[in-house]
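Please look through the sequence and the model below before reading on.

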Amino acid sequence: MAPNLECRMYESEYPDVDTAVMVQVKSIGDLGAYVSLLEYNDAEGMIPLTELSRRRIRSLNSLIKVGRVEPVMVVSVEADKGYVNLSKRRVAEEDVIACEHRFNKSKLVHSIMRHVAETMEVDLEDLYVRFGWPLYRKYGHAIEAFKLIVSDPDSVIDSLSREVKEIGPSGKEVTKLVPAISEEVKDALVKNIRRRMTPHPLKIRAEIEMKCFEFDGVLHIKGAMRKAEAAGNKDCPVKISVVAPPLYALTTQTLDKEQGISILGKAIAACTEEIRRHNGKLALKEAPRVVSEREERLLAEQMGKLGNDNEELSGDEDSDEDGGMGEIDFENPASQII
């Protein structure tokens with residue numbers, strides 16, 4: 001028999017009144033919108049037409065659409081009927097931000113818990129009772145415990161226990177404490193939490209166009225490149241490479257997106273200052289931004305193609321045309337003609 005994989009995210013069966021919850025619109029009727037509460041195992045709820053907007057409704061479709069996921073305020077809970085009355089118009093901007101933040105954290109926790117329950121063939125609600133909800137009570141949100149589990153799982157998981165009743169040697173029923181979850185389930189949880197929550201460095205990239213036609217111009221460009229790389233640090237190192245002269249790429253890898261963008265900005269500023277000191281020019285072709293692995297592969301292919309094209313052009317010794325600076329030999333800069 002397949003294990004139960006349906007369960008609400010939180011210990012309370014229904015949300016508290018005057019709290020914002022995330023819902024998905026299922027249908028729209030004459031009386032209002034019917035929704036499912038995503039954090040409460042799709043419990044049913046309704047938003048009356050009068051609670052959709054503070055202003056007069058001109059177009060219902062502009063206010064709410066089937067399939068849309070959004071935060072709404074809990075007006076009342078009818079637990080005996082399994083029904084929740086909701087309001088869209090009473091949600092303030094700060095409520096929206098807080099609700100979305102909480103939901104995103106809870107969704108990640110739920111995804112990990114559900115995956116472990118499915119692969120280990122255990123009941124999801126039982127896993128929440130033994131493991132998930134105790135972490136919510138102890139840490140405020142289970143995600144905070146999951147962050148600790150990444151580096152020190154034993155200190156978090158081994159502190160959880162549950163009571164079991166057994167028949168003792170005397171024949172009487174006794175209560176004893178045992179670990180909350182088995183070693184097998186613990187190992188699966190740790191593995192999944194680490195896989196999903198270990199931060200991966202972001203690659204940030206920028207492109208500049210740099211020229212210097214002064215005597216020893218190649219040396220000046222090389223000096224400007226060194227200034228750019230010196231702007232980095234051990235947590236956010238900067239590398240600058242030739243794409244195809246006069247185009248250069250600056251890259252860094254970091255866990256902190258804002259820091260990476262800031263560091264590349266400083267590197268470009270340092271590079272600009274140095275090359276202008278020698279009457280060179282620098283133009284920003286692409287501002288610092290995060291690039292995906294796919295973009296990196298495409299950029300690498302593009303750089304390779306440009307490099308090949310440039311080799312073919314520089315190898316055409318019979319051409320009298322000015323092909324620009326051509327390839328730069330940074331190992332032997334004095335050999336270049338500017």
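Helix α2 (residues 93–120) lies across strands β1 (20–28) and β4 (69–78) and runs at about 90° to β1. Here helices (H or I, at least four residues) and strands (E, at least two) are DSSP runs, numbered from the N terminus, while contact means heavy atoms within 4.5 Å. Axes are lines fitted to C-alpha atoms, for helices over the stretch in contact, and angles run from 0 to 180 degrees between N-to-C directions.

This is a predicted model, in which local features need pLDDT of at least 70 and side-chain atom pairs count only at pLDDT 80 or more, whereas totals for chains, interfaces and linings use all residues. Residues are numbered from 1 along each chain as its sequence is written, and side-chain values use heavy atoms, with hydrogens and water left out.

**The barrel**

A closed barrel of 5 strands runs in the order β1-β2-β3-β5-β4, and its pairing is mixed; from one strand to the next, the twist averages 50°. Two strands count as paired if DSSP finds at least two bridges between them.

| Strand pair | Bridges | Example of facing residues |
|---|---|---|
| β2 (residues 32–37) and β3 (residues 43–48) | 6 bridges | serine 36 and glutamate 44 |
| β1 and β4 | 5 bridges | glutamine 24 and valine 69 |
| β4 and β5 (residues 83–87) | 5 bridges | valine 77 and valine 84 |

The hairpin of β4 and β5 has 4 residues between the strands, and glycine 82 in this hairpin takes a positive phi near 65°.

**The nonpolar cores**

In soluble globular proteins, nonpolar side chains tend to be buried together. A nonpolar core is taken here as a set of buried Ala, Val, Leu, Ile, Met, Phe, Trp, Tyr and Cys residues joined through side-chain atoms within 4.5 Å, where buried means under 20% relative accessible area, exposed over 50%, and partly exposed in between (1.4 Å probe, protein chains only). The largest core has 53 residues, and among those that touch the most other members are Leu37, Met113 and Phe131. Domain 1 (1–53 + 65–91) and domain 2 (104–197) both give residues to this core, so the core lies between them; the domain bounds come from an automatic or database domain assignment. Apart from this core lies another one, of 21 residues, which include Ala206, Ile221, Ile240 and Ile275. Leaving aside neighbours within four places in sequence, phenylalanine 131 is in contact with Met113, Phe146, Ile149, Ile157, Leu160, Ile181 and Leu189.

**The open sheet**

Further along, 4 strands form an open sheet in the order β9-β10-β8-β11, with antiparallel pairing. Strands β9 (238–244) and β11 (281–291) stand at the edges with a single partner strand each, so one side of each has no neighbour in the sheet. On average, neighbouring strands of this sheet are turned by 20° against each other, direction ignored. Strand β8 (residues 202–211) is joined to β11 by 8 bridges, and glutamate 207 stands opposite glutamate 286 in β11. Helix α7 packs on the sheet, where it touches β8, β9 and β10 (247–254), and its direction makes about 140° with that of β9. Helix α8 (residues 257–276) lies across β8, β9, β10 and β11 and runs at about 15° to β8.

Alanine 230 belongs to helix α7 (residues 217–230) and is exposed, with a relative accessible area of 61%.
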